[in-house]
Amino acid sequence: QEKLDMSTYPVESIRNFSIIAHVDHGKSTLADRLLEITGTISKTDRNKQVLDKLQVERERGITVKAQSASLFYNHEGINYLLNLIDTPGHVDFSYEVSRSLSACQGVILVVDANEGIQAQTVANFYLAFEAQLSIIPVINKIDLKNADPERVEKQIEKLFDIPTDECIRISAKQGTNVEKVLQQVIEKIPPPQCNTADPLKALVFDSTFDHYRGVVANIALFGGEIAKGHKIVSAHTKKRYEVNEVGILTPDEQPTHKLYAGQVGYLIAGMKEVAEAQIGDTLFLCKQPVEPLPGFKSAKPMVFAGMYPIDQTEYNNLKSALERLTLNDSSVTVHRDSSLALGAGWRLGFLGLLHMEVFNQRLEQEYDMSVILTAPTVPYKAVLSSAKLIKEYGKDQITIINPAQFPDKLSVSEYLEPTVLGTIVTPHEYIGKIITLCQDRRAVQKDMLYIDENRVMLKYLFPLNEIVVDFYDALKSLSSGYASFDYEDAGYQSADLIKMDILLNGNPVEELATIIHNDKAHAAGKLLCERLKETIPRQLFEIAIQAAIGKKIIARETLKAYRKNVVAKCYGGDITRRMKLLKRQAESKRLMRKIGNVEVPRDAFIRVLKREPDK
C-alpha cells in the first residue's frame, strides 16, 4: 500500500468541520454523499451510512460514535484536504458532539425540510456557537413531497439569527446541490490556526482498541509534525512511546509518511493498556515539552445501573470486556460494587437510557457477554449535619449512588436531587397533554416560545429521576411521535427524599431498598409489592410483603400459604368438628411462620430489579 505524502497540503488548504443535527435529519447520508463526490469511496447503491461501522449503529440506524474521514477536493485549481467528522444526534451522546467540535473550525448544521427545527438542533447549534465556530446551515430532504424549505428557513432566521439566503437546500439522498456544500465549506470555514514549525502538540479526541496493534488513537495536530520513529510523551500519564504508524482515515486507515499541523489522523504507538489513551490527552515530543491543551471536561453520568454477570464464573471475562469497551466509550464510569443477591459486579454511570441500552447491546454483540442490568437510578446528595458523620466522611456533602448508603434523616440537614433543564419542541396541538405530563413529573415551567405558527418550544426544569426511565416514551406517544426532547444538566436542588424498604414477614430485604421522592412513595411501593407477589414462590406459610418508610407501612400484599384440605374427611357432622380442625391447622401455620424464613430466589430479584418494559 503506497504511503501518502501529506506535506502537499499546507495549513491554508485544510478545513476541519463536523456535521451536526437532530436525530434522523440525514447527517450520515450527507457524509456518504460528500465521500462519494470527493472520490473517497466509489459510487454504488450500497453506500448507506458508510461511517456507521458498529453493528449497533447499523441495526438501529443511528450514529453512536463520532467517526472521522479525510476528503481530498479540488476547488478552483487548488487541492484541499477536508477533515469531516460525522456526529451522533441523540441527546445521550452530546458529549461526543462537543468532543468532535474541539477538533473543528466550523460545522454544517443540517435541518430536515419536513420536520423543521427540533430540540436537538437547538442544543447542537448552541454547542457550536459557544465554541465560536462558523456555521453553515443546510436544509436537507427537499425531495420529500411534504418538504417546506421556506418555513424551515424562517425558523432558522428566527431562532439562530442566520439570514435565509445563507441556507443551502439539498437532498443528500439524491445528491442534489451537495457540491455547493463543499464549496461553502472551503469559502466560509477558516483554516486551523497553527504552524508546522511549532513543537508537536496533538490532541487525542477518540480511541479504539485493536487486538493486534494495541490502542489506535485519533489525533488532531495543533502544531508541529509527527512521523514513524518519533519519541512522544503523553501529558496525562507521563509515559513515553515510540510512534509505529501514522496515517489518515479515509474512512479506512491509510498510512502516511508524516502528519502535519492542522491535520486529523490516527496514530499507533504501542500503547498496550486500555487506560493509556485518555481522551482529551495531549501528546508531545519528549525533547520539546509543551503546555497541555485544555482537555474535555469529563462527561457527567446522569444514570446509574448495576451490572452483574449472570454467572459469577464469568466475572473476569466480563471485567476485561468492560475495560475494552470503556476505552472506546470513555463516557461510561465504572465502580466496583457487590450485592447480596446478585454477587460481585459493577455500578456503571451512563449519559442516558439509550446510552445504557447501546452499551449493553455492544457488550453482547462485540464480546458475547450477557449480563443482568438493574433498574436505573440517579445520584443524590445529602448535606450532613451531624459532626460525627462529617468527621467520618471528611466532608459535609456526600453523594449517594447506592440506597444502602442513604444516611438517616436525623443526621442530615437536607437531601439534594439532580435536576435538568429540558427543552421540548412540539406542534402546538399537543401542548395541553404535554404540560399535564410535565406537571405529573414535578417539573417547573421556565419558558414557552412559538417558533412559528404551529411549533412551540417549551423549557422545563425537571428532577432527573422523573425523566430517566420512561419520560421520552410517554412524550412520544402523547404527541404521535412529533415532539422532540433534549436536556442539559442544571445542578442540584433540595428535595423531600426518603428511603423505602421492602419487608418480607417483617425482615427488610436490602437489595430492594430504593430512594424515592415522598410524593411518589405510595404508588411505587404498591407497584413493587404487587410485582413481588407475582414473582416470589408460595410457601407453606403466609408471607406479608410490605413497603415501609422508617417504621410506617405504606403498602402491603399478602402471599397466601399452601394448605392441605383438612376438612376433606368430614361429611355431615357438627360444625364444631370442622372448626376444631381448621383452628388446629391455623395454629400450626402460625408456628411455622415464626420459624420459617423466606428465601427469595435469585431470578425473582432479577425480574423485580430489571427494567420492566411493559410497566
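## Around I536

Apart from neighbours within four places in sequence, I536 touches L504, I543, I545, L559 and V600. This is a predicted model. I536 sits in the loop that links α13 (521–535) to β30 (543–549). Is I536 buried or exposed? Its relative accessibility is 3%, and the cut-off for buried is under 20%, so I536 counts as buried.

The chain also brings I536 and A604 together from separate parts of the sequence. These two residues lie 68 residues apart along the chain, yet 6.2 Å separates their C-alpha atoms.

## E557 in strand β31

E557 belongs to strand β31, which covers residues 552–559. Its relative accessible area is 15%. That value is under the 20% limit, so E557 is classed as buried.

Which residues does E557 contact beyond four places in sequence? They are K526, C529, E530, K533, I543, A544 and I545. I543 and I545 are also on the contact list of I536.

Strand β25 runs from residue 455 to 463. Eight of its nine residues are buried, so the rest of the structure largely encloses this strand.

β25 pairs with strand β23 (residues 412–427) through nine bridges, and the two run antiparallel. Within this pairing, T419 has P463 of β25 as its bridge partner. β25 also pairs with strand β24 (residues 444–452), again antiparallel, through seven bridges.

## An eight-stranded open sheet

Eight strands build an open, antiparallel sheet. Their order is β11-β10-β16-β7-β8-β15-β12-β13. Which strands lie at the edges? They are β11 (240–242) and β13 (252–256), and each pairs on one side only. On average, neighbouring strands in this sheet are turned by 40° against each other, with direction ignored.

At one end of that order, strand β12 (residues 245–250) pairs with β13. Five bridges hold this antiparallel pairing. I248 stands opposite Q254 of β13. Strands in a sheet pair through backbone hydrogen bonds. In a regular strand, side chains alternate between the two faces of the sheet.

## Helices α3 and α4

Helix α3 (residues 94–101) packs against helix α4 (residues 119–130). The angle is about 30°, and the axes are 10 Å apart. Angles under 35 degrees count as roughly parallel, so α3 is roughly parallel to α4. Their crossing is right-handed.

Which residues make this contact? From α3 come S94, V97, S98 and L101. From α4 come Q120, N124, L127 and A128. By type, the contact holds four nonpolar residues, four polar residues and no charged ones.

## The protein as a whole

The protein has 615 residues, and 54% of them are buried. Its secondary structure comprises 15 helices and 31 strands. The C-alpha trace spans about 110 × 60 × 55 Å along the principal axes.

Take the contacts between residues at least 6 apart in sequence: 69% of them join residues at least 24 apart.

Technical notes. Residues numbered from 1 in each chain as written. Predicted model: local features only at pLDDT ≥ 70, side-chain atom pairs only at ≥ 80, totals over all residues. Heavy atoms only, no water. Axes fitted to C-alpha atoms, helices over the stretch in contact; angles between N-to-C directions. Helix = DSSP H or I, 4+ residues; strand = E, 2+ residues; numbered from the N terminus. Parallel < 35°, antiparallel > 145°, perpendicular 65-115°, else oblique. Left-handed = near helix turned anticlockwise from the far one by under 90°. Contact = heavy atoms within 4.5 Å. Nonpolar A, V, L, I, M, F, W, Y, C, P; charged D, E, K, R; others polar. Buried < 20%, exposed > 50% of the residue type's maximum accessible area, 1.4 Å probe, protein only. Pairing = 2+ DSSP bridges.
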